[in-house]
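Work through these exercises with the model open beside you. Try each task before you read its solution.

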Amino acid sequence: MIQLGVTMIDKTLRLLVVIINYKTPELVCQALESLSDKINIESDKVVVVDNNSEDNSVNEITNFISLKGWGPWVTVVSSETNGGFSAGNNIGIQSANAKYYLLLNSDAFVLPAAIIKLLDVMESDNKAGIVGPRLEWPDGSQQVSCFKNLTPLNGFLSAVKTGIFTKLFTLFGIKEVAISLDKHEIERPEWLSFACVMLRGQMVKEIGLMDEGYFMYREDNDYCRRATEAGWGLVFEPKSKVVHLNKGASNQMGLKRLPKYYFQSRSRYFIKYYGRLGLFMANLYWSLGRCISLLRELIQRKPKAFHSTMLFDIWVGFLT
């Protein structure tokens, strides 16, 4: 495994693309294929970080790279542990000094001019610290990728699932976390999906790496808040288009019980920005909203919106 703080590539790059693999070698190869004709191999490199997949992923990916002759610009790093999304990206970022870093999900691939458009924003706006592209489904329709910061109160809206409350809360400036695609606020996001984002190297040096206390979930909201609090801007660039298949764990939960690390990350986020009292209020507001949506489900015989254990699971991490 690469040791943290050790730079593998000894020259400063224009762009380093970081892709994390966890048992998705086919998707990683597809992502690499999409990058092959869209970067300058003299000044740009790609690092694939395997988060201890414990399968044949590394062999499959390295064999694919060798077959394609991409060795000069793609490096594969094997981590001895699966430290999560933040830890994997941090390993990749620390593998080289770069002016810009592109974090790209293994289940995403870049379309023509996507990287150029993101670089254009960075080059034209020195205060842009994080730039996100338009994320699309394979059919070209847009995905939600711009968000408002998660707060104790808007957690109520995510649980209540009732339009009248959303409209009422909006009057008081409290909005849902996800920014609707048809709203002008999409031009002023408070955080961006890290399925694909470009980070300015200078910003990374200033505010540090991603918080590895988040195994998965909330790390992107956290990092964007740290960036904006340090005076860096967030930019959504719809001219840059990236297809996101959304085949990761975060999109395959359905009504299954969410993993413990989901709630640990949620608790960490609220305690970090609102204190333990803020986490308590967030849980209280969410529970109130869930009671209302549960009542509607029972009366109107609507499908369940959340797993039955969610009311209890939100307290995971409250004391720790």
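**Exercise 1: Confidence**

This model is predicted, with a mean pLDDT of 89 for the protein chain and 89% of residues at 70 or more.

Task: Find which element has the lowest mean pLDDT and which has the highest.

Solution. 
- Step 1. Helix 6, residues 163-171, has the lowest mean, 65.
- Step 2. Strand 9, residues 196-200, has the highest, 98.
- Step 3. Now look at residues 1-7. Their pLDDT stays under 50. The model gives them 18 contacts beyond four places in sequence.
- Step 4. Where pLDDT is low, predicted coordinates should not be read in detail.

**Exercise 2: Aromatic pairs**

Task: Classify the ring pairs Trp70 with Trp73 and Phe147 with Trp191.

Solution. 
- Step 1. Start with the count: there are 15 aromatic pairs.
- Step 2. Take Trp70 and Trp73. Their ring centres are 5.2 Å apart and their planes meet at 45°. Planes under 30 degrees apart would be stacked, and over 60 edge-to-face. This pair is therefore tilted. Both Trp70 and Trp73 are buried.
- Step 3. Take Phe147 and Trp191. The centres are 4.2 Å apart, with 15° between the planes. This pair is stacked.
- Step 4. Phe147 is in strand 7 (residues 146-147) and Trp191 in strand 8 (residues 191-192). The pair therefore ties together parts 44 residues apart in sequence.
- Step 5. Check burial, which needs under 20% relative accessible area. Phe147 has 13% relative accessibility, so it is buried. Trp191 has 6%, so it is buried too.

**Exercise 3: Clusters and charges**

Task: Which residues form one aromatic cluster, and which ring does the charged end of Lys127 sit over?

Solution. 
- Step 1. The cluster is made of Phe215, Tyr217, Tyr261, Tyr262 and Phe263.
- Step 2. The charged end of Lys127 sits over the ring of Trp232, 4.5 Å from the ring centre.
- Step 3. Arg268 gives another case. Its charged end sits over the ring of Tyr214, 5.6 Å from the centre.

**Exercise 4: Positive phi**

Task: Locate Lys23 and Glu54, then judge how exposed each one is.

Solution. 
- Step 1. Recall the rule: most residues other than glycine have a negative phi.
- Step 2. Lys23 has a positive phi, near 60°. Lys23 is in the loop between strand 1 (9-21) and helix 1 (25-35). At 44% relative accessibility, Lys23 is partly exposed.
- Step 3. Glu54 also has a positive phi, about 60°. Glu54 is in the loop between strand 2 (44-50) and helix 2 (57-68). Its relative accessible area is 70%, so Glu54 is exposed.

**Exercise 5: One face of a helix**

Task: Which residues of helix 4 (residues 114-124) are buried, and why do they line one face of the helix?

Solution. 
- Step 1. The buried residues are Ala114, Ile115, Leu118, Leu119, Val121 and Met122.
- Step 2. Look down the axis of helix 4. The buried residues fall within an arc of 155°, so they line one face.
- Step 3. An α-helix has 3.6 residues a turn, so residues three or four places apart point the same way.

**Exercise 6: Cysteines**

Task: How many disulfides are there?

Solution. 
- Step 1. The count is 0 disulfides.
- Step 2. The cut-off is within 2.5 Å.
- Step 3. Cys146 is buried, with a relative accessible area of 1%. Cys291 is partly exposed, at 46%.

How values were computed: Residues numbered from 1 in each chain as written. Predicted model: local features only at pLDDT ≥ 70, side-chain atom pairs only at ≥ 80, totals over all residues. Heavy atoms only, no water. Phe/Tyr/Trp six-rings, centres within 6.5 Å; stacked < 30°, edge-to-face > 60°. Buried < 20%, exposed > 50% of the residue type's maximum accessible area, 1.4 Å probe, protein only. Helix = DSSP H or I, 4+ residues; strand = E, 2+ residues; numbered from the N terminus. Lys NZ or Arg CZ within 6 Å of the ring centre and 35° of its normal. Arc of directions from axis to C-beta. pLDDT = per-residue confidence, 0-100. Contact = heavy atoms within 4.5 Å.
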